[in-house]
Amino acid sequence: MVFGENQDLIRTHFQKEADKVRTMKTNWGLFTKSRMIAQSDYDFIVTYEQAETEADRSTVLSVFKEKAVYAFVHLMSQISKDDYVRYTLTIIDDMLREDVGRTIIFEDVAKLLKRSPYSFFLGLLHREDQYIVHITFSILTKMAVFGNMKITGDELDYVMGSLKEALTRGTGNDYIATAVRCMQTLFRVDSYRVSFVNINGYDSLTHALYSTRKCGFQIQYQIIFCMWLLTFNSHAAEVALSGNLIHTISGILGNCQKEKVIRIVVATLRNLIASNEDDYMKKQASLQMIQNRIPIKLDHLENRKFQDVDLIDDMAFLRGELKKVVQVLTSFDEYENELRLGSLHWSPAHKCEVFWTENAHRLNDNRQELLKLLITMLEKSNDPLVLCVAAHDIGEFVRCVTLKYTYTYFDFRFYPRGKMHVDLLGGKEAMMRLLTVMDPNVRYHALLAAQKLMINHWKDLGL
């Protein structure tokens, strides 16, 4: 079996560097004379280099057996020069790419030594030479996916952590495409998906998606492909909802013209609903998509007249699922979802008298969780629109909840005075600070809310 035969053929920086490494002239005899490597190591590497065909190389490996692995390990560990380590790793990677079934030679020796086959390579992941690091990723990926002994435990966590670190280096890392390609292969295995998600792997993928936005559609397609693979796991699909994954890929869906990118984004969105086993989480996924205007974007895509059957099916699935949620979606559900996403805008609920009369007290639920979110936005947001809407909503909360207390005395235990709680949570102080900002709209809405906070008979002012 040839590794990568069906993968997208792009000439990455890693592949170009590998081409240079393969042309390196080696003199293994010098290391034998200086006793840095054994005669058996020399015999194997020279014989292997002279083999011209895949069949010849397989014959060499079958003749030397475990001595081949010992030779590779000695060449990597006994010779400290980066050039020779690069060359040795490239030979190993080419050997496995030619036939991934050859991973068994490392597993057999590892069993004899009572150690993990991955332990031969893990130490190389902390090298400064990034080619060494990323070709080690490539080797470990082939072993972990196509070998008989899967990587587990601390070794798995270490590899996933190293891959995550490689992604966060951004476009300054010439090898980011190689790290992503490794993930595309690793995430075929469910346990590897869970390990990556559990170390906040989604954050690194969304960061990479943002940092590569000017690098062409191919790398973005590959990153979203990794997200898609992760969402086949129900736990991973649930974790995705706690971050900004839907928001990030929804933005791409609205701007990208490449069909392959659209296809993988829509497939990922479908998985976020279909893979979630809990009905509540399915609803949360749908709410986030509605909040990010996925139904509208799907309507626009409908005009493209796609021929891809899978894409058409995924779009139909999403439209059907989102339609179900829209039909039962109350205005407060939508408002709460908007608030939790931190993307406040002038949706109809904010300026609806009936909405606030019926729902203002619900900001006190769950220890005033939603009220605290509004006040946090006043304190931390730099978006003038968010500040305007948050100030307005706090003013409406104070107005309606204070009324509830004034006219329904016995309900005090359930609908506490709005002013008092906003003040105790620091909302009044945050509102006063907004009166001095540069944006006139923010000052206007902060002033109206401040009046509701400070004046008992606000209704006489017609606010």
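Reader: How many aromatic pairs does the count come to?
Author: This is a predicted model, where local features need pLDDT of at least 70, side-chain atom pairs count only at pLDDT 80 or more, and totals for chains, interfaces and linings use all residues. Residues are numbered from 1 along each chain as its sequence is written, and side-chain values use heavy atoms, leaving out hydrogens and water. Rings of Phe, Tyr and Trp (its six-membered ring) pair if their centres lie within 6.5 Å; planes under 30 degrees apart are stacked, over 60 edge-to-face, and the rest tilted. By this rule the aromatic pairs number 17.

Reader: Which kind of aromatic pair do F44 and F64 form?
Author: A pair of aromatic rings is described by the distance of the centres and the angle of the planes. For F44 and F64, the centres are 5.4 Å apart and the planes stand at 70°. That pair is edge-to-face.

Reader: How many residues apart in sequence are the parts that F44 and F64 tie together?
Author: Helices here are DSSP runs (H or I, at least four residues; strands are E, at least two), numbered from the N terminus. F44 lies in helix α3 (residues 39-50) and F64 in helix α4 (residues 54-64). The pair therefore ties together parts of the chain whose separation in sequence is 20 residues.

Reader: Are F44 and F64 buried or exposed?
Author: Relative accessible area decides: under 20% is buried, over 50% exposed, and in between partly exposed (1.4 Å probe, protein chains only). F44 and F64 are both buried.

Reader: Which helix holds F72, the partner of F44 in another pair that links distant parts of the chain?
Author: F44 and F72 are edge-to-face, with 5.1 Å between centres and 85° between planes. Both residues are buried. They are 28 residues apart, with F44 in helix α3 and F72 in helix α5 (residues 66-77).

Reader: Which residues do ring pairs link into a cluster with F44?
Author: F44 pairs with F72. Ring pairs join F44 into a cluster with Y48, F64, F72, F106, F120 and F121.

Reader: Which helices do the buried residues of α3 pack against?
Author: α3 has 12 residues and reaches 17 Å from first C-alpha to last. That is close to the expected 16 Å (1.5 Å times one less than the number of residues). Its buried residues are D41, F44, I45, V46 and Y48. These pack against α2 (28-33), α4, α5 and α6 (82-98).

Reader: At what angle do α3 and α5 pack?
Author: Axes are lines fitted to C-alpha atoms, for helices over the stretch in contact, and angles run from 0 to 180 degrees between N-to-C directions. The axes of α3 and α5 are 9 Å apart, and the angle is about 100°. So α3 is roughly perpendicular to α5 (65 to 115 degrees; under 35 is roughly parallel, over 145 roughly antiparallel, the rest oblique). The contact (heavy atoms within 4.5 Å) is made by D41, F44 and I45 of α3 with A68, Y70, A71, F72, H74 and L75 of α5.

Reader: Where is K114, and is K114 buried or exposed?
Author: K114 is not a glycine but has a positive phi of about 55°. K114 sits in the loop between α7 and α8 (130-146). With a relative accessible area of 78%, K114 is exposed.

Reader: What percentage of the residues of the protein count as buried?
Author: The secondary structure comes to 26 helices and 0 strands. The protein has 463 residues, and the buried share is 51%.
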